[in-house]
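Here's a quick briefing for anyone meeting this structure for the first time. Have a look at it below, then read on for the overall build and the charged pairs.

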Amino acid sequence: MPVIAKGLEGIVANSTRLSDVQGLEGRLIYAGYDISELAGKASYEEVVHLLWHGELPNREQLEALQKELRSRRELPQGIIDFIKSAPKDANPMDVIRTGVSMLGLYDRELLAGQEGDPNYLRALHITAKIGVIAAYFHRARQGKELPPIRTDLNEASHFLYLINGEEPKEEAARTLDVAYVLHADHGMNASTFSARVTIATLSDMYSAITSAIGTLKGPLHGGANEGVIHMLREIGDESNVDAYIENALANKKKIMGIGHRVYKVLDPRAPFLREMAIRLSNEIGEPKWIKMSERIAELMREKKNLNANVDFYSATVYYSLGIPTDLFTPIFAIARTSGWTAHVLEQLEDNRLYRPLTEYVGPAPGKKFVPIDQR
């Protein structure tokens, strides 16, 4: 008898060696490493190597991967032209989704003369270019020049350099690098599932990652971090928090950044972002955002036994770094591309088409066709 699980909750759809989300224990494992062993210790590029190759790199391997990624940052001219011509009020996630899809048009050009697994090369290209697409659109919509690509900066530093037109401070770059590590992968989340479903049809890498980006855009997935800042702005001041939460709960309004579909205890990524949020808020002399956040988290634990998730504190971190709110979800996408591509490569190793069943709840069979003039 088929099991009916709305949203596939509790259903194991595949096996993976990439990451393990242990919801009851509040643990996140990347290929055998607890997230606490990686965040603040391993660079994002080291984690990319871990997800793609199953092990942390030695220095030679890391330098080789960095060189591979940095050498692939240049965008095809057609994509640059699209970015410049896109509506200035477009949602950045729409531009990223379209830009990554357009990369597929240049696949032959991107892979020309390169040796190795074509899908691994595609993973390199997409991972190297997605941050450039996001940053270039941010510059273009402001009417600013697009800074030339650099190959002497890591992924986090290069993104901040591109959006601001100047090399970032070391602390800002390190903070974003840690955020990238925390967002790199997260089991069979909605966007990863989308990527695996798409590639399972033996479509292509670009289609799979485009599917993932479209899924991440939703406010119940990656878009939640933007919702947190909108909520904090709406509240306005720490003195308004209690009344806001009371009213929201009374009207069954969702509190953004609180609770998680899998974690029944504290999201293990949240403490790292909370610590960074506190430090950054104090540094910029604007602690009200973290104070409001802390009070919201306290009230939700007391009233609903719900904890803050990764989106709750990442919003304050990005806001404190001076990153525009509508780039919060793109940053999530940039970081998660390493995980998406790793899952696509893994899916192709032992592929099986996803084809779940549905429970039919429509009218009972037996209805008879009636000609249109008699209806």
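A salt bridge here is a side-chain nitrogen of Lys or Arg within 4 Å of a carboxyl oxygen of Asp or Glu. Keep in mind that this is a predicted model, where local features need pLDDT of at least 70, side-chain atom pairs count only at pLDDT 80 or more, and totals for chains, interfaces and linings use all residues. Residues are numbered from 1 along each chain as its sequence is written, and side-chain values use heavy atoms, with hydrogens and water left out.

**Salt bridges**

- Searching the whole structure turns up 20 salt bridges.
- In one of them, Arg279 pairs with Glu171, and their closest N and O atoms are 2.8 Å apart.
- Arg279 sits in helix α14 (residues 270-283) and Glu171 in helix α9 (residues 170-183), so this pair ties together parts that are 108 residues apart in sequence. Helices (H or I, at least four residues) and strands (E, at least two) are DSSP runs, numbered from the N terminus.
- Both partners are partly exposed: Arg279 has a relative accessible area of 23%, and Glu171 has 27%. For these labels, buried means under 20% relative accessible area, exposed means over 50%, and partly exposed is in between (1.4 Å probe, protein chains only).
- Another bridge links Arg17 and Glu349, with 2.7 Å between the closest N and O atoms.
- Arg17 lies in the segment before β1 (19-22), while Glu349 belongs to helix α17 (residues 328-349), so the two connect parts that are 332 residues apart in sequence.
- Arg17 counts as exposed, at 52% relative accessibility.
- Glu37 and Lys41 also meet through their side chains in a salt bridge (3.7 Å, N to O). Of these two, Glu37 is partly exposed at 45%, and Lys41 is exposed at 55%.

**The chain as a whole**

- Its secondary structure comes to 17 helices and three strands.
- The radius of gyration is 22 Å, close to the 21 Å that the globule rule gives for 375 residues, so the chain is as compact as a globular protein of that length. The radius is taken over C-alpha atoms, and the rule is 2.2 Å times the number of residues to the power 0.38.
- Along the principal axes, the C-alpha atoms fill a box of roughly 70 × 60 × 45 Å.
- Of the chain's 375 residues, 53% count as buried.
- Looking at contacts (heavy atoms within 4.5 Å) with a separation of 6 or more, 74% are between residues 24 or more positions apart.

- Thr198 has its place in helix α10 (residues 190-200) and is buried, with a relative accessible area of 16%.
- Once neighbours within four places in sequence are set aside, Thr198 touches Ser203, Ser207, Ala208 and Ser211.
- Asn307 is in the loop between α15 (288-304) and α16 (310-320), and is buried with a relative accessible area of 19%.
- From Asn307 to Tyr263 is 44 residues in sequence, and 8.8 Å in space from C-alpha to C-alpha.
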